[in-house]
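Dear colleague,

Here is the structure I promised to hand over, with the sequence beside it. Please keep it open while you read the notes that follow.

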Number of protein chains: 4
Amino acid sequence: MPPVFTPLNDDHTINYSVIPEYAKYLANAGIKSVLVGGTTGEHMSLSVGDRKKVIDAWVKVAKTTDLHIQVQVGGAPLSDVLDLASYCQKVGADSLLTLPELYFKPDSVDTLVDYVELVANAAPNLPVLYYHIPSMSKVEINMPAFVTKATNRIPNFKGIKFTSNDLSEGAQVLRALKNDQEMFLGADTLIAPAALLGIKSSIGTTWNLFPRLAQDILDAVERNDVAKARSLQETLSLAIEAHTVEGPWVPIMKAGMEIVSGIKVGPPSLPQKPITDEARKRIESKLRKLQIID
Amino acid sequence: MPPVFTPLNDDHTINYSVIPEYAKYLANAGIKSVLVGGTTGEHMSLSVGDRKKVIDAWVKVAKTTDLHIQVQVGGAPLSDVLDLASYCQKVGADSLLTLPELYFKPDSVDTLVDYVELVANAAPNLPVLYYHIPSMSKVEINMPAFVTKATNRIPNFKGIKFTSNDLSEGAQVLRALKNDQEMFLGADTLIAPAALLGIKSSIGTTWNLFPRLAQDILDAVERNDVAKARSLQETLSLAIEAHTVEGPWVPIMKAGMEIVSGIKVGPPSLPQKPITDEARKRIESKLRKLQIID
Amino acid sequence: MPPVFTPLNDDHTINYSVIPEYAKYLANAGIKSVLVGGTTGEHMSLSVGDRKKVIDAWVKVAKTTDLHIQVQVGGAPLSDVLDLASYCQKVGADSLLTLPELYFKPDSVDTLVDYVELVANAAPNLPVLYYHIPSMSKVEINMPAFVTKATNRIPNFKGIKFTSNDLSEGAQVLRALKNDQEMFLGADTLIAPAALLGIKSSIGTTWNLFPRLAQDILDAVERNDVAKARSLQETLSLAIEAHTVEGPWVPIMKAGMEIVSGIKVGPPSLPQKPITDEARKRIESKLRKLQIID
Amino acid sequence: MPPVFTPLNDDHTINYSVIPEYAKYLANAGIKSVLVGGTTGEHMSLSVGDRKKVIDAWVKVAKTTDLHIQVQVGGAPLSDVLDLASYCQKVGADSLLTLPELYFKPDSVDTLVDYVELVANAAPNLPVLYYHIPSMSKVEINMPAFVTKATNRIPNFKGIKFTSNDLSEGAQVLRALKNDQEMFLGADTLIAPAALLGIKSSIGTTWNLFPRLAQDILDAVERNDVAKARSLQETLSLAIEAHTVEGPWVPIMKAGMEIVSGIKVGPPSLPQKPITDEARKRIESKLRKLQIID
């Protein structure tokens, strides 16, 4: 599942007009679901009003593209998070994802469950998932223990986005989840090894840029072709490294998206800055060498 | 300078009616300035709309109490932070304080200066200070280097709230500041030793609960009475420890404020929870033994 | 490759008499190489004199069992580490592994290469590998960059033991290594996914307790049986978790080794303590449920 | 109290011949006690044999200079640490200091007390102190809680060297200690503020280079001259910063010692490297500007 970018104009206003084209591009690539408002979507930099308009735009295109719309509602003061959760249920989003509190950070499994429960209660009819991304949130609670307790206490707690390279903990999370819950990997360089462990879904920026490659990796693992899975993962990992040496995640990936797809996602939201033209050219040249683009 | 609490009703709505009484209590205790919206004020949990109303209430009472109103505008998505900064200038707040970005965290002196510059530009007529509190923000940039660069690049950058126990770095920050800039310590257990080093201002919850004690510590250092400064600091530190063993900062301090002053600041904002009645009684009993309350 | 335990008597003296039987047990299980003096072997708690005697004992049994003897020489003051490296070359160990400096820790790729170079120069005829285990050493240098630089500067630098759950960095290390260099995974819960990525060797305590299971996992990946690899890895991971809930690594694994193999490896070295009999029984019962022991 | 350097020849052998002159220099400067084998003394890089010879040399000069000899015995495998502790008691050292275990690190107050108890039991007739230096040891146990428990369990536990800039925790440690126990600050840039809080002893490299300045700071606090204490501390802190911008602690301080005192302490022990001549000249020039040297 791709976490969608929020297209911006050069003056940092949101470019809603790109969204229908973007949705069509994804649907044509075989994508069935999108995450709106994740790290890639930079909703942690937007006002509640703008977040709602972006949600509206995606809910609207979902009607023609049949995309499942998951919305990440966290990364803002709690009262705004609750407002967004309730809004999502009202306007017809399909599921929610939430970051933990970013300032008064939870320091235990229980205080993290408390927070997710508040969000889940604000949208009781929607499945709610937790967004584990300790590199950004600096919240490092034991996830298997959290999943078990959240499942017991929150009826609509339905899974986790696990953005961590620790697949040992990831496998434990997978074992802790019930049948009606989902686990999404958030580490694009580990799609193949995670799939071997049974973690077969992922939410990664890669699904915007290289949806075919990501799907081919999953398919190779599925049909027991280890050598193929390894080789495709290596290509994908090198394509990602071509970006990561040039700067922070969103600026490099917005540049990469324009290079690869031609869709005008524009600059990152403030306070982040676009990468230079030289960096963009270096990425393009490496992707060409990897034969990922022509 | 006290960072003021945001008084809440039991249903977590804001109890604006307490603010005039609260302001009068502080003014009567000799307080000349307050910080609205800091950690103690929990604005990182409130919507922009509520933050503005709280700011309005304090700007209004400033007219009768002559308090300087400093407002902390950070801890929210950047577009909200900029909106708040611009609002503060419009409605007549006296100075601004800002946290760093909490999600797309700065990883260098330069990216932190970039952020503070965006905030400062949104309120060009106000002095803007940076709120260094790495224990909460998890942003650990070298402060002396930051101060030097921010001073060079941002005309209205006017200082720092330094909430860290590292007085060695604190003394370096003090040396890096110019005459028209200010440094506020944010560590209530270190008021006396910081004053010895020349850091004579502080913003701490203590100034709400024990304004006399905090002022007496500064006065003792000023008149070279080291033994008295040590003894008063010990009393204050033990009073604070009486609270900290009972839970997180805001819940314990809101309880302490009600015990000591009788002002109804109410429960903490969600997601934080009030401490138990038993904990409240233990605090009260210890404060009595310290002869801080009757 | 198993990192061998150092068998102790109950009075914490070394029980050399167990070593021949232990070596035979491993050779019978198909093991070709052992690591002496790793974390499992607790040489970081032993005097240089004792370390040398343990090395002697293993070099001696290697003559009858044909085992390759790799010795970990780090985790002591540098002059002792150099003494041990030189001793190993003299007495006929086959290869060396070294931890980084534990007190004056390297803070850059270059200072880490400096350290490994000193060790490598003390045993110029032996292959020398670096032991990356940031959870214990607290040395967190970027490994792909280190490997590249160490390879350029140190003729007998021949690889890495990578004890980290971050397989994304692990795959980068693998790509950075030359043909005559080796990479050993040190994460027993990730043998299968690492093998998928091409990391096909491992040094893990598991190879002492469950050599068959570990080999079966590698074989399943090799013959493209993903489902089997997943299922065997899950069994192994659950077997390890049966231990890890009971205490720190060496005490639990020494207990597990006695349960599984009957070889008397004894208590851990001081300052570590053996686990309780109750904990030992819980481990035994869980291993029985997993059908790993009868 | 100065933590003494270990004088080295250019070939990294120990230059024992400098020790009598060095001891006389310190005694002449009014020094009553020295710490042998601390971070400054780099015993964490030496073999047990060399450590014993250095201890012998200091115990010998103590007879003519009347210096109290405290020896730091940690930073090596536990069996060596115990050997050193017992040796110190035998040859007549006056007190011991010990680092925590550096590899199998304590993860709780209890496991840290266990370790210090083993060391204290090896030298039951000597006062034993704990060396808290989390920046190097990466052991970050709550010190007030540790002190309380160690005091209860270990008869000859007699205090702490507190090498941390967190004077809030430092003041808590001071309150937790009994009358017959000592606390030494290990932060040279905080001598004055610590003295205000009642922490009046310190073990810092400064006492080697600038014994007069350090003593003058303590005296100024003692006679209630806050302005003088601040000004002297600022001079000392700037003198230290003149060094710290040039490299790691021991290499810069060995250079500074030669500049200031003329005593040939030589290069640092491997794996550390001496600073360049240019760096040495920059330090010298800054010290001259501060009028600390002629």
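A salt bridge, as the term is used here, is a side-chain nitrogen of Lys or Arg within 4 Å of a carboxyl oxygen of Asp or Glu. With that in mind, and remembering that this is a predicted model, you can look at the place where chain B and chain A meet: A:D114 forms a salt bridge with B:K273, and the closest N and O atoms of this pair are 3.0 Å apart. The count between chain B and chain A is two salt bridges, and there are also ten residue pairs in polar contact between these chains, both residues being at pLDDT 80 or more. On the side of chain B that touches chain A, the elements that give two or more residues are α3 (78–91), α4 (109–121) and α5 (134–137) of chain B. Sorted by class, that side of chain B has 18 nonpolar, seven polar and seven charged residues.

How much area do chain B and chain A bury between them? The value is about 2,700 Å², with 66% of it on carbon and sulfur atoms, and the contact takes 32 residues from chain B and 32 residues from chain A.

The next point is how the two copies are arranged. Chain B can be laid on chain A with an RMSD of 0.0 Å by a turn of 180° and a shift of 0.0 Å along the axis, which is the relation of a two-fold axis. In chain B, the C-alpha nearest this axis belongs to B:A76, and it lies 2.8 Å from the axis. Because 100% of the interface residues of chain B are also interface residues in chain A, the copies meet through the same surface.

Methods:
Residues are numbered from 1 along each chain as its sequence is written. Chains are lettered from A and ligands numbered from 1 in the order in which they are written. This is a predicted model: local features need pLDDT of at least 70, side-chain atom pairs count only at pLDDT 80 or more; totals for chains, interfaces and linings use all residues. Side-chain values use heavy atoms; hydrogens and water are left out. Copies are superposed by least squares on the C-alpha atoms of residues with pLDDT of at least 70 in both. Contact means heavy atoms within 4.5 Å. Buried area is the accessible area (1.4 Å probe) that two parts lose on being put together, summed over both. A polar contact is a pair of N or O atoms within 3.5 Å; within protein, one must be able to donate a hydrogen and the other to accept it, and residues adjacent in sequence count only if both atoms are side-chain atoms. Helices (H or I, at least four residues) and strands (E, at least two) are DSSP runs, numbered from the N terminus. Ala, Val, Leu, Ile, Met, Phe, Trp, Tyr, Cys and Pro count as nonpolar, Asp, Glu, Lys and Arg as charged, and the others, Gly among them, as polar.
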